[in-house]
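Please keep the sequence and the model in view while reading.

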Amino acid sequence: GVSTERVMQVEMEPWFGVPYTCEPVPAALVQSWHIGDPKMFHQKGEAAAAAAAAAALHLPPRNPFQPSDFALRGGVSGRSSGTARQPTCVKKTATVEVWHKLDDAFDTPRACVMVATGPQERGGLASASEPAEILLLAALLQDALREDTYLAEMFGLECHVAARGRRLVIRVYGFSHKLPALLERALREVATHQVDPARLALQQE
């Protein structure tokens, strides 16, 4: 005789050739997800726990690195004159040097900031292990910033921490509007970083 079971149409996924079927989710099942059907749980209290978990679900917060200001800064005089701009020192003290170079070659609201921090003395290494320690610190900082850099990369903004000799170099580049926020986050991490033994062990591998 003819089977009374519903015949499902099997389709073929075009890229990997995997067969699949499509069917609507029963309305009763969807409703049970909202209210926590006690019959779907085996142990006492599971329904209440599921209801509490469902109530805690929410959309993620707004990405703080989403730019909205795309205005250009600095004009186009360098490009129109055909003269390559040179970096200029805008501030110099006993402990800080700040250099700036306007790049208006492509008329895009992008910027690149590099911050180098380290000892002032020009002597030799403090110990034979110092280069490895600086490399490890850079890796730990980059790891600690991973959640922020993930959010920033969604909008074309990147941050990298690297070791250069005895110094740490923080490079932030991309759309300029939210670049200061990401740079501030990176500098705050450098100033307040607390080593997590578990992350340290992971980086040492």
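The sections below move from the whole chain to its core, a hairpin and an aromatic pair.

## Basis of the report

The model is predicted, so to speak of local features a pLDDT of at least 70 is needed, side-chain atom pairs count only at pLDDT 80 or more, and totals for chains, interfaces and linings use all residues. Residues are numbered from 1 along each chain as its sequence is written, and side-chain values use heavy atoms, with hydrogens and water left out.

## The chain as a whole

The chain contains 7 helices and 7 strands; these are DSSP runs numbered from the N terminus, with helices (H or I) of at least four residues and strands (E) of at least two. Read from the N terminus, the order is β-β-α-α-α-β-β-β-α-α-β-β-α-α.

Of the 205 residues, 18% are buried, where buried means under 20% relative accessible area, exposed means over 50%, and partly exposed lies in between (1.4 Å probe, protein chains only). The accessible surface is about 15500 Å², and carbon and sulfur atoms account for 59% of this surface; such areas come from the Shrake-Rupley method with a 1.4 Å probe, and for residues only the protein chains shown count as cover. A contact requires heavy atoms within 4.5 Å. Among contacts between residues at least 6 apart in sequence, 58% join residues at least 24 apart.

## The largest nonpolar core

In soluble globular proteins, nonpolar side chains tend to be buried together. A nonpolar core is a set of buried Ala, Val, Leu, Ile, Met, Phe, Trp, Tyr and Cys residues joined through side-chain atoms within 4.5 Å. The largest one here has 17 residues, and those touching the most other members are L157, C159, V161, L168, I170, V172 and L182. At least two residues of this core come from each of α4 (130-144), β6 (157-164), β7 (167-175) and α6 (179-192).

Leaving out residues up to four places away in sequence, L168 touches V115, A116, T117, I134, L137, A138, L141, V161 and A162.

Strands β6 and β7 run antiparallel and are joined by 8 bridges; two strands pair if DSSP finds at least two bridges between them. Opposite A162 stands V169 in β7. The hairpin has 2 residues between its strands, and G165 in the turn has a positive phi of about 65 degrees.

Which residues of β6 lie on its covered face, and which on its uncovered one? L157, C159, V161 and A163 form the covered face, while E158, H160, A162 and R164 form the uncovered one.

## The aromatic pair and its surroundings

A pair of aromatic rings is described by the distance of the centres and the angle of the planes. Rings of Phe, Tyr and Trp (its six-membered ring) pair if their centres lie within 6.5 Å; planes under 30 degrees apart count as stacked, over 60 as edge-to-face and the rest as tilted. The ring centres of F70 and F175 are 5.6 Å apart and the planes stand at 85 degrees, so the pair is edge-to-face. F70 lies in the loop between α2 (46-56) and α3 (77-81), 105 residues from F175 in strand β7. F70 is partly exposed at 42% relative accessible area, and F175 is partly exposed at 26%.

R110 lies over the face of F175, at 5.0 Å from the ring centre; a charge sits over a ring if NZ of Lys or CZ of Arg is within 6 Å of the ring centre and within 35 degrees of the ring normal. F175 and R110 are 65 residues apart in sequence, yet 4.3 Å apart from C-alpha to C-alpha.
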